[in-house]
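I opened this notebook to record what I looked up, one entry at a time. The entries follow below the structure.

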Amino acid sequence: MYNAGKVIAGIIVFIVFFTTPIWLNFGKVEAIPKIPVPKKGQCVEPAAIMRAYHMKILDHWRKMAIRHNKYIYINSEGRKIRISLQKTCLKCHANKEQFCDKCHEFVVAHPDCWHCHFSKKEAQRWQ
Amino acid sequence: MAIKRRDFLKFGGLTLLGTAVSSVVNEVLSGEVKAEEYEPSPKQLVGKHWGIAIEVKKCKEAQSKCGFKCIEVCNYLHNIPQIPDKKKEIKWIWHDEFEHAFPEQGTNEYLNEYFKGVPFILLCNHCEHPPCVRVCPTRATFKREDGIVMMDYHRCIGCRFCMAACPYGARSFNWYDPRRFLKKVNPEYPTRTKGVVEKCMLCYERLADGKIPACVEACPVKALHFGDLNDPNSEINKVIKGRMVIRRKEELGTGPSILYIVD
């Protein structure tokens with residue numbers, strides 16, 4: 001190989017330069033937002049399931065309520081829940097700014113939900 | 001080595017049997033059958049063909065006093081924005097004169113005289129054969145089993161085919177963000193967003209909780225009657241019995257479910 005020393009040194013500099021963000025943030029995870037959890041007992045399903053699948057549950061709720069006219073969801077414990085984002089979800093999770101937005105912003109998710117659905121606090125701003 | 005026809009058939013049969021047995025064993029081993037996770041609301045009002053009958057003369061008498069309570073209540077409950085520009089306004093329930101509501105009779109000056117000053121309360125007719133449903137490319141709008149012409153705003157792409165198809169002008173398009181035009185917000189019902197079409201959905205959310213449509217409930221003189229047109233014993237069928245009933249643009253064959261009692 002010609003100029004081996006320069007080429008290898010160049011490659012090392014290149015790798016180090018492009019991986020600096022990884023090294024600078026290594027082991028730092030305090031950026032993960034702390035979500036205030038409402039103290040009103042269990043959500044629709046256990047927290048771990050809600051954390052991972054809330055978007056799928058909500059999407060399915062919509063289909064069942066609007067398309068099939070089934071407005072009651074029976075959860076894994078057998079508890080019956082009236083399907084409605086405005087009336088049911090936001091009753092406990094009234095603090096949408098802290099509970100929903102904080103995490104969505106952190107993971108750079110931009111759900112369309114809030115184009116139409118809204119929290120009471122948000123509504124005060126446009127009234 | 002060539003396989004004999006006889007052996008081939010034997011193997012084939014065995015494979016089929018094996019598949020069948022394994023699926024049965026699987027079913028037995030996995031135990032419980034998963035129960036249905038959803039059910040209709042226990043309070044749900046159940047009907048086959050919801051409709052509203054409006055007594056226009058009764059409505060006229062009360063009009064000066066109530067100031068269209070039906071429209072006011074609906075506007076609040078469903079967060080309907082009040083947009084000053086008439087070309088871009090949003091309306092679910094509104095009122096108009098006879099010659100506009102029934103344009104095919106609009107040239108009949110004798111009838112016009114008869115209906116002078118009579119407010120015709122207009123809303124989505126929840127047609128038996130809704131043209132808006134036929135043209136919707138995403139099936140965002142569809143006919144429910146109980147006759148309500150529903151909208152799934154999540155699926156509306158704002159193409160406005162339905163608005164072109166609807167002969168009653170019952171659909172409105174959101175040219176603006178509707179939230180800018182709301183004065184009083186009902187936190188129990190979502191708003192809509194810019195770029196979707198909206199209309200009256202016969203208070204499906206209230207029917208699920210066992211309540212009748214808000215406009216019918218709000219009328220102080222009970223000029224509006226809600227009920228199942230398919231049920232001969234329903235209130236609406238009792239009210240219209242022997243009365244003179246007209247529907248908007250009957251000749252189009254859409255089969256409106258909003259009836260106007262004009263005698």
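I count an element as a helix when a DSSP run of H or I has at least four residues, and as a strand when a run of E has at least two; numbering starts at the N terminus. The model is predicted, and I keep that in mind throughout.

Entry on the fold of chain A. I read the elements from the N terminus on and got α-α-α-β-β-α-α-α-α. The radius of gyration of chain A is 23 Å, well over the 14 Å from the globule rule for 127 residues, so chain A is more spread out than a compact globule. The tally for chain A is seven helices and two strands.

Entry on extent and packing. I looked up the span of the C-alpha trace of chain A along its principal axes and noted about 75 × 35 × 30 Å. What share of the 127 residues in chain A is buried? I found 12%. I then took the contacts in chain A between residues at least 6 apart in sequence; 49% of these join residues at least 24 apart.

Entry on the sheet. Which strands form the open sheet, and in what order? I noted three strands in the order S2(A)-S1(A)-S1(B), with antiparallel pairing. For A:Tyr73 I found the bridge partner in S1(B) to be B:Tyr38.

Entry on the contact between chains. I looked up how chain B meets chain A and found 25 residues of chain B in contact with 19 residues of chain A.

Entry on one residue. I picked A:Arg62, which lies in helix H3 of chain A, residues 47-68. Is A:Arg62 buried, exposed or partly exposed? I found 16 other C-beta atoms within 10 Å, so A:Arg62 is partly exposed; being buried would take 20 or more, and being exposed 12 or fewer. I also noted A:Ile83, 21 residues from A:Arg62 along the chain, with 8.0 Å between their C-alpha atoms.

Conventions
Residues are numbered from 1 along each chain as its sequence is written. Chains are lettered from A and ligands numbered from 1 in the order in which they are written. This is a predicted model: local features need pLDDT of at least 70, side-chain atom pairs count only at pLDDT 80 or more; totals for chains, interfaces and linings use all residues. The radius of gyration is taken over C-alpha atoms; the globule rule is 2.2 Å times the number of residues to the power 0.38. Two residues are in contact if their C-beta atoms, placed from the backbone, lie within 7 Å. Two strands pair if DSSP finds at least two bridges between them.
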